[in-house]
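Below is a short briefing on one structure.

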Amino acid sequence: MIDHLVIVAGGKGTRLSALFGNIPKALVPVGGKPVLQHQLELAARAGVRAATIYAGFLADQIAEFVGDGSRFGMKVAVRVEDAPLGNAGAVLQSLDTLPERFFVMYGDVMMAVDLERMSRFHEDHAAAFTAFVHPNDHPFDSDLIETDAEGRVTALHNAPHAPDRVYDNLVNAALYVVERNALKPAPGKQDFTKDVMPGLIASGAKVLAYRSAEYIKDMGTPERLARVEADLKSGKLDLADSNKPRAAVFLDRDGTLNVEKGFLASQNGLELLPGTGAALKSLRQAGYSLVVVTNQPVIARGEASEDDVAAIHRRLEWELGKEGAYLDAVYLCPHHPDKGFTGERPELKIACQCRKPGTAMVEQACRELNLNAKASWMIGDQTRDIEMARRAGLRAILVRTGTAGRDGNFSATPDFIADDLRAAADMILEQKQAAA
Ligand SMILES: [Zn+2]
């Protein structure tokens, strides 16, 4: 376990000054306790034993509040910057005082993140720099990260984005694990996302994205602070609680989320069905994780490449983002059992466990995203979706969009039939209420 934490806490709470007057942002109370205290307590519970806080604005207030850190169960040092050096400048100028490996948090972020798990991920992959990333409901005005298929960060796209661009919904949440030796001392203002990460990527260092659905939000404006306060009250920041397996709604893609147009081979053909974003938002609001499970035999048949399909999913997530919705993950089966297509890829022409109604995609999602199948649902327009749900122990809703169950492949009966995704989401919410 990584046992050192760096907190970058130089910020003024300018946008919160009407509420709290002249205090550093890190001391703004959430649920009656400064953000800084929430962060130190979370880290201490995960086994972090020491912290370095980089303070600037009203640094003496921060120093006075933390003392030597012993009341939080750790050794805390506060370093004061004389002039603002961006969020990374002071860290880069004092590398010799830091241990080999450490976490970095910004001082205005509330989180319920399992730091031990993130620490393990970083060490298991021998990364030089690991950035916590997650999808959010406003990717178009967020700083985004682009990765390759192995989760290695290949580019950063800071908002604002050109209107015709489509990116993955992977938002940089300002929580990092850093190898000291990967960093280089640098003078003047330095920023983690504008300078440090691009520099590491350019030098070929292993910069990884750690994708997680755990809670992490900044509280830098009155609106955001109010939201975080509400989340704290409702238990969303309770780490033990958030570590329990979650209920999910598994979703078929074509004919369920987007208009069925035969086999999609390009992102240009992707068109959301009306009401898709609103339906997913209401399920998210009720606490469901949202996971797409889709058969993509187009890959095995050579009609589309993995990159084409990745582009379709990027487009799907981007269009959903415009409607304020996001997915936890997309799982796809690239296989197909029958041979005899021109341009087919023999290595993918197999009878696999993942092609629906096979259940391997659901099992993988449950493992990787900590989901509880028994509390979860499947929504789809084909009988193979319903058959898969039955085999995987999910409750199932057939939607009358797309194929509307008329494919005749399997005979499993859905728990409910709904006109569309919106109606299916309403049914799930009614069932949840009835059970409560
Ligand atoms: Zn498969």
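Helix H2, residues 35-45, is mostly covered, with nine of its 11 residues buried; buried means under 20% relative accessible area, exposed over 50%, and partly exposed in between, with a 1.4 Å probe and protein chains only. The model is predicted: local features need pLDDT of at least 70, side-chain atom pairs count only at pLDDT 80 or more, and totals for chains, interfaces and linings use all residues. Residues are numbered from 1 along each chain as its sequence is written, and side-chain values use heavy atoms, with hydrogens and water left out.

**Helix H2**
- The buried residues of H2 are Val35, Leu36, Gln37, His38, Gln39, Leu40, Leu42, Ala43 and Ala44.
- Gly47, with a positive phi near 100°, follows H2.
- Helices (H or I, at least four residues) and strands (E, at least two) are DSSP runs, numbered from the N terminus.

**Zinc site**
- Cys333 (SG), His335 (ND1), Cys352 (SG) and Cys354 (SG) coordinate the zinc ion at 2.0 to 2.3 Å; donors are N, O and S atoms within 2.8 Å of the metal (3.2 Å for Na, K and Ca), and sites may look incomplete because water is not among the atoms.
- The arrangement is tetrahedral because the four donor atoms subtend angles of 102 to 117°; four donors count as tetrahedral if all angles lie between 85 and 135 degrees.
- Ideal angles for four tetrahedral donors are 109.5 degrees.
- The spacing of the donor residues in sequence is C-x1-H-x16-C-x1-C.
- Cys333 in strand S16 (residues 329-333) and Cys354 in the loop between S16 and helix H12 (360-369) are 21 residues apart.
- Cys333 is buried at 0% relative accessible area, and Cys354 is buried at 15%.

**Aromatic pairs**
- The whole structure holds nine aromatic pairs; rings of Phe, Tyr and Trp (its six-membered ring) pair if their centres lie within 6.5 Å, and planes under 30 degrees apart count as stacked, over 60 as edge-to-face and the rest as tilted.
- Phe65 and Phe72 form a tilted pair, with ring centres 6.0 Å apart and planes at 40°; Phe72 is buried at 7% relative accessibility.
- Phe121 and Tyr210 are also tilted, with centres 5.0 Å apart and planes at 55°.
- This pair links helix H5 (residues 115-124) to strand S12 (residues 207-211), with Phe121 and Tyr210 89 residues apart.
- Phe121 is partly exposed at 22%, whereas Tyr210 is buried at 4%.
- One aromatic cluster is formed by Tyr106, Phe129, Tyr176 and Phe192.

**Charges over rings**
- The charged end of Arg284 sits over the ring of Tyr326, 3.8 Å from its centre; the criterion is NZ of Lys or CZ of Arg within 6 Å of the ring centre and within 35 degrees of the ring normal.
- Arg301 lies over the face of Phe341, 5.1 Å from the ring centre.

Methods: Tetrahedral: all angles 85-135°; square planar, octahedral: opposite > 155°, others 65-115°.
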